[in-house]
Amino acid sequence: MSPRAGQAGHPARTLAFVESPVQLLNVLEWAHLHGLRDAGPSDPAVPPSGPGPAQTAPPGSGAELTVVVLSPTDPMTRGQLRRMADLARDEGYRVRWEEARGGTTAPFHTIGGLAGSLRRADRIVMGDPFSRYVQLLLTITRARDLVVVDDGTATMEFVAQLARGERLVRWHRKGGRPGARDLLFAPVSSSARRRLTPSDRRRVEVFSSMPVTDVPDGVTVTANDFAWTRARFGPPRITQSADLVGTSLVETGVVDGDRYLEAVRNLAKAHGATRYFAHRRESAEKLHRLAAETGLEIVRPDLPLELIARRGPIGRTILSFPSTVVHTLPLALAGTGVRVAVCDIDPTWLTDTASPRAQGFLSGVTGTARDVHRLAAVSPA
């Protein structure tokens with residue numbers, strides 16, 4: 001999907017909504033591919049990551065883009081988002097930082113403040129179509145172009161659910177009974193799904209590095225090959241050891257904590273891993289225990305791992321459990337000689353409350369990964 005003018009002689013006005021660092025990274029990749037520029041001086045700038053006043057980017061030319069950060073409350077995620085927002089500003093894009101969850105009245109202020117921009121926008125870019133916040137914002141917009149950029153493995157499930165006409169539910173919650181909040185929000189979710197279905201009045205693009213199958217009629221799929229990341233960073237210095245990538249499967253209730261720790265210990269020992277790159281959602285308690293019982297150096301990245309790996313130094317082998325990075329890291333590190341290896345999740349690691357679809361979905365994430373070495377699930381010592 002190439003940038004289109006909103007009106008004859010005027011650049012298309014694009015609003016991008018992000019709630020995580022990876023979503024913002026993929027907005028930058030999408031904008032780079034389509035040659036977008038900033039949206040001018042009308043919106044408040046993002047607070048800087050360091051000391052000093054907020055800064056703005058000079059107006060550019062071409063299609064207009066404003067990135068709206070719907071800031072979460074988690075400190076780790078907020079820190080990474082601020083760093084990514086700085087990069088977006090450096091690239092000439094406009095960033096609007098919204099304290100979208102800063103109290104009970106924050107959502108009303110955020111939505112009210114964005115209503116005018118939403119109605120004027122010709123294109124909406126979103127990183128998480130499962131987000132209730134984003135679904136609510138979709139009920140306001142009149143945009144004819146909707147773009148979904150990667151939010152990890154959830155993109156695969158989104159496209160599949162859209163093709164089957166199902167309600168939008170995150171994969172690790174699928175199979176459970178809807179709660180009271182789900183039932184209350186059902187009309188908004190249904191409206192969002194209808195708006196994300198292509199029609200004569202609406203075009204839908206999915207920008208993804210994931211293997212997207214069963215694409216609904218009318219949906220345009222554009223490949224994300226991390227061209228901006230490769231052009232902007234690296235190549236990295238490569239060490240002789242292995243690095244291990246953490247996952248939040250314990251925090252989401254999919255994998256048992258003790259089994260996960262045992263798997264990490266055995267995987268690190270078998271492959272000589274020395275560093276553990278923590279997922280931003282991993283709990284401090286779990287990470288302290290991992291450091292104490294495995295001897296791994298715990299690294300809490302200040303940017304998405306694709307950028308950290310590209311900047312280096314990075315291990316010659318990167319070990320991971322089924323997650324987004326087994327699809328994205330081979331693209332970001334193309335031509336560097338770094339090997340990405342993925343370890344399957346043993347069914348015995350799953351919790352009693354894990355979704356019935358968990359094992360099949362995780363196996364699919366591993367099985368569809370390209371340019372990775374597949375490892376069998378590690379056995380107990």
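# Close-up views of a predicted model

**View 1. Helices H8 and H9 pack against each other.** Helix H8 (residues 257-271) and helix H9 (residues 284-294) pack with an angle of about 40 degrees between them and their axes 10 Å apart. The structure is a predicted model, in which local features need pLDDT of at least 70 and side-chain atom pairs count only at pLDDT 80 or more, while totals for chains, interfaces and linings use all residues. Residues are numbered from 1 along each chain as its sequence is written, and side-chain values use heavy atoms, with hydrogens and water left out. Helices (H or I, at least four residues) and strands (E, at least two) are DSSP runs, numbered from the N terminus. Axes are lines fitted to C-alpha atoms, for helices over the stretch in contact, and angles run from 0 to 180 degrees between N-to-C directions. H8 and H9 are therefore oblique to each other; angles under 35 degrees count as roughly parallel, over 145 as roughly antiparallel, 65 to 115 as roughly perpendicular and the rest as oblique. H8 passes H9 in a right-handed crossing; a crossing is right-handed if the near helix is turned clockwise from the far one by less than a right angle, and left-handed if anticlockwise. Asp258, Tyr260, Leu261, Val264 and Arg265 of H8 are in contact with Lys286, Arg289, Leu290, Glu293 and Thr294 of H9, where contact means heavy atoms within 4.5 Å. This contact of H8 with H9 has four nonpolar, one polar and five charged residues. In this classification, Ala, Val, Leu, Ile, Met, Phe, Trp, Tyr, Cys and Pro count as nonpolar, Asp, Glu, Lys and Arg as charged, and the others, Gly among them, as polar.

**View 2. Tyr260 of H8 takes part in an aromatic pair.** Four aromatic pairs are found in a search of the whole structure. In one of them, Tyr260 and Phe321 are tilted, at 5.3 Å centre to centre and with 50 degrees between the planes. Rings of Phe, Tyr and Trp (its six-membered ring) pair if their centres lie within 6.5 Å; planes under 30 degrees apart count as stacked, over 60 as edge-to-face and the rest as tilted. The pair links distant parts of the chain, 61 residues apart: Tyr260 lies in helix H8, and Phe321 in the loop between strand S11 (314-320) and helix H11 (325-332).

**View 3. Six strands form an open parallel sheet.** The strand order is S10-S9-S8-S11-S12-S13; two strands pair if DSSP finds at least two bridges between them. At the edges, strand S10 (297-299) and strand S13 (373-375) each pair on one side only. Neighbouring strands are turned by 30 degrees against each other on average, direction ignored. Strand S8 (residues 238-245) pairs with strand S9 (residues 273-277) in the parallel sense over four bridges, and S8 is joined to S11, also in parallel, by six bridges. Asp243 has Arg275 in S9 as its bridge partner. Val245 has Phe277 as its bridge partner in S9 and stands opposite Ser320 in S11.

View 4. The peptide bond from Gly234 to Pro235 is cis, with omega near 5 degrees, and Pro235 is placed in the loop between helix H7 (227-232) and S8. Another cis peptide bond joins Gly312 and Pro313, with omega about -5 degrees; Pro313 is in the loop between helix H10 (305-311) and S11. Phe226, a residue other than glycine, has a positive phi, near 60 degrees, and lies in the loop between strand S7 (219-223) and H7. Most residues other than glycine have a negative phi, and most peptide bonds are trans.

**View 5. Seven strands form a second open sheet, with parallel pairing.** The order is S3-S2-S1-S4-S5-S6-S7. Strand S3 (94-98) and S7 stand at the edges with a single partner strand each, so one side of each is left without a neighbour in the sheet. The twist from one strand to the next averages 20 degrees. Strand S2 (residues 64-70) runs parallel to S3 and is joined to S3 by five bridges; Val67 stands opposite Val95 in S3. Helix H2 packs on the sheet, touching S2 and S3, and its direction makes about 155 degrees with that of S3.

**View 6. Helix H2 also packs with helix H1.** The axes of helix H1 (residues 21-34) and helix H2 (residues 75-90) come within 9 Å and cross at roughly 15 degrees, which makes H1 roughly parallel to H2. Their crossing is left-handed. Pro21, Leu24, Leu25 and Leu28 of H1 make the contact with Thr77, Gln80, Leu81, Met84, Ala85 and Ala88 of H2. The residues of this contact divide into eight nonpolar, two polar and no charged.
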